[in-house]
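Open the model in your viewer and get ready to select residues as you read. Each stop tells you what to pick and what is there.

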Number of protein chains: 2
Amino acid sequence: MDIVKELLNGSRLALARTITAIENESEETAAIMKKLYPHTGHAFVIGITGPPGAGKSTMTDKLARAYRKMGKTVGIIAVDPTSPFSGGAILGDRIRMNSLTLDEGVFIRSMGTRGSLGGLSHKTADAVKAMDAFGKDVIFVETVGVGQSEVDIVKMADTTVVVLIPGMGDDIQAIKAGILEIGDIFAINKADHEGADKLQVELNMMLDLDSHMSKWRPPIQKVVSSRGDGIDELIEQITKHNEHVTETGELIKRRRERAKTEFLELLQATLGKYIKKQIVDTGKLNSYVDSMQLHETDPYTIVHETMDSLLK
Amino acid sequence: MDIVKELLNGSRLALARTITAIENESEETAAIMKKLYPHTGHAFVIGITGPPGAGKSTMTDKLARAYRKMGKTVGIIAVDPTSPFSGGAILGDRIRMNSLTLDEGVFIRSMGTRGSLGGLSHKTADAVKAMDAFGKDVIFVETVGVGQSEVDIVKMADTTVVVLIPGMGDDIQAIKAGILEIGDIFAINKADHEGADKLQVELNMMLDLDSHMSKWRPPIQKVVSSRGDGIDELIEQITKHNEHVTETGELIKRRRERAKTEFLELLQATLGKYIKKQIVDTGKLNSYVDSMQLHETDPYTIVHETMDSLLK
């Protein structure tokens, strides 16, 4: 039986192998994804992001357990753009989730860069689709850090929770400015620590200044993940946001935008591979760099010549 | 007189306008960069990276002052992939540098994303080239965070200093794994805080495990940037690394690799713009997404059709 049929029939092994194929950019990936595509679009995708040390995985853990209690099946994709590791429960923080991994209704997967130049957001999108086709009701996409690649990854979520903690130091201003736009809900984790109230006040001020949020004012929820405090309230906020985007048509709009971005990224990645074949594998790049280093030519001139030679 | 001549003649205004053109992807950027290219390749590029709150800008500030005392001219590019802001001294942490900004021998520039989809590492590379052609002896590229985009940005440096601080929390393991490869020198900032010795021991252990570093063992330098402690020693390490890569031919190899990456990124960016014109601006993308949402087709099929229609 082929891997797609097995996956659709509920084989966890087939799901794992599909995501490995996505990560490795195997030859058969496009064919698998083509067949899975008609079975996607049912899962509710929740993005969890925030700076390092904010306790995102513990929070995801607690949220996942709560959804399981409601009878929902759960997928978790932990994306770490700074880690070369991927596969099963390799990342240290995933080990905490051991009781979750024993639950057949939960599928956890870590994804790292594996040294590939970019493409992680496109691969994560495909992993979400695989879990969606597998039948997961709720899929968490959790990502360490708040750089551009992380923002791209979180853009694929239906609802995004930005996790912050008190006392993050000077750069918090910059972080907050960057993630203000992507946060549908803000969770102040470790809210029993000093500075939680101050952070809440600052966040509220920043949200007040923001003009984009005419329809939905992101709520700020205090949480102590380690004790489970505030998790039920956070889920209430997530449900409210989901209802809001569903009723206002915002969800359809978001998914349309996501489909556009995903398509363009896939096209860019496919073209990139084609170029690599034409320019890198043929040794042309080496001779280009020779001429550049001798200042006989410059990258801009060669790019234009290459475009002319490749495109119709 | 044209902007390139003005820049080469030492006009700070022309340099500022050139970097603005690079940021905005203006029509004339390629023409400007073509003319500047023969004048590049002289500056020593130092990358400064590390997690948020590590005190990177204060450290860069102190390093810049030290190089100025040695009679070197300095350029600083502060890249913030999470910030939509760019231009002059807009970022909060840059304001601390006010006495540096009064120094004619120093040129400081912040670069943010300005909402553009990627391309920041390619733009930063061009900004470095502009400062290089302008005649800066030492150029710092400082970037907040340690995500993939930041790693890409730092790859263009001749010597990369990774700044860490004691007590970063759980995710530090993941961060360290990701940046271990790019650090030529590790600076433990705020070394007067608790946990600095522990961090040094941990870092040493990780460096011992790493097999890539047969030729150069990254030194670990304790620094208290705010007081200037350890800055001279850090510069000594930077100089030693520069001598090492120069003598071993590693510098030439690195710059070759950088030229390749920059070329491929420029090609990818130019192709991206071409695709946007062909697919997005023509409205084709909208009709593609319509069919995808009706599950009449899938992104993989359309990408292959598009490739066939665009390529020779």
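**Stop 1: the core.** This is a predicted model. Begin with the largest nonpolar core, which has 96 residues. Which residues have the most contacts inside it? Select A:Phe263 and B:Phe263. Now stay on B:Phe263 and show what it touches in chain A. Leaving out residues up to four places away in sequence, B:Phe263 touches A:Ile279, A:Leu285, A:Tyr288 and A:Met292, and also A:Pro299, A:Ile302, A:Val303 and A:Thr306.

**Stop 2: chain A as a whole.** Colour chain A by secondary structure. You will find 14 helices and seven strands. How many of the residues are buried? Of the 312 residues in chain A, 58% are buried. The accessible surface of the chain is about 13000 Å², and carbon and sulfur atoms account for 52% of that surface. Next, look at contacts in chain A between residues at least 6 apart in sequence. Of these, 75% join residues at least 24 apart.

**Stop 3: strand 4 of chain A.** Select residues 138–144 of chain A. This is strand 4, and seven of its seven residues are buried. Show the side chains. In a regular strand, side chains alternate between the two faces of the sheet. Here A:Val138, A:Phe140, A:Glu142 and A:Val144 point one way, while A:Ile139, A:Val141 and A:Thr143 point the other way. Both sets are buried.

Strands of a sheet pair through backbone hydrogen bonds, either parallel or antiparallel. Strand 1 of chain A, residues 44–50, pairs with strand 4 in the parallel sense over seven bridges. Find A:Gly50: its bridge partner in strand 4 is A:Val144. Then select strand 2 of chain A, residues 74–79. Six bridges join strand 2 to strand 4, and the two run parallel. Find A:Val74, which stands opposite A:Val138.

**Stop 4: A:Phe140.** Zoom in on A:Phe140, in strand 4 of chain A. Is A:Phe140 buried or exposed? It is buried, with a relative accessible area of 0%. What is in contact with A:Phe140? Setting aside neighbours within four places in sequence, its contacts include A:Ile46, A:Ile48, A:Leu63, A:Tyr67 and A:Ile76. Now draw a distance from A:Phe140 to A:Val154. They are 14 residues apart in sequence, and their C-alpha atoms are 10.0 Å apart.

**Stop 5: the sheet of chain B.** Switch to chain B and show the strands. An open sheet of seven strands has the order 3-2-4-1-5-6-7, with parallel pairing. Which strands are at the edges? They are strand 3 (106–111) and strand 7 (220–222), and each pairs on one side only. From one strand to the next, the twist averages 20 degrees. In the sheet, strand 1 (44–50) and strand 4 (138–144) of chain B pair in the parallel sense over seven bridges. B:Val45 stands opposite B:Ile139.

**Stop 6: helices of chain B.** Select helix 4 of chain B, residues 56–69. It packs on the sheet, and its direction makes about 175 degrees with that of strand 4 of chain B. Next, pick helix 9 of chain B, residues 196–209. Helix 9 lies across strand 5, strand 6 and strand 7, at about 170 degrees to strand 7.

Finish with helix 6 of chain B, residues 120–134. This helix has 15 residues and reaches 21 Å from first C-alpha to last, close to the 21 Å expected. All 15 of the 15 residues are buried, so helix 6 of chain B is largely enclosed by the rest of the structure. Just after this helix, select B:Gly135, which takes a positive phi of about 115 degrees.

Conventions: Residues are numbered from 1 along each chain as its sequence is written. Chains are lettered from A and ligands numbered from 1 in the order in which they are written. This is a predicted model: local features need pLDDT of at least 70, side-chain atom pairs count only at pLDDT 80 or more; totals for chains, interfaces and linings use all residues. Side-chain values use heavy atoms; hydrogens and water are left out. Helices (H or I, at least four residues) and strands (E, at least two) are DSSP runs, numbered from the N terminus. Buried means under 20% relative accessible area, exposed over 50%, partly exposed in between (1.4 Å probe, protein chains only). Contact means heavy atoms within 4.5 Å. Accessible areas come from the Shrake-Rupley method with a 1.4 Å probe; for residues, only the protein chains shown count as cover. Two strands pair if DSSP finds at least two bridges between them. Axes are lines fitted to C-alpha atoms, for helices over the stretch in contact, and angles run from 0 to 180 degrees between N-to-C directions. A nonpolar core is a set of buried Ala, Val, Leu, Ile, Met, Phe, Trp, Tyr and Cys residues joined through side-chain atoms within 4.5 Å. The expected span of a helix is 1.5 Å times one less than its number of residues.
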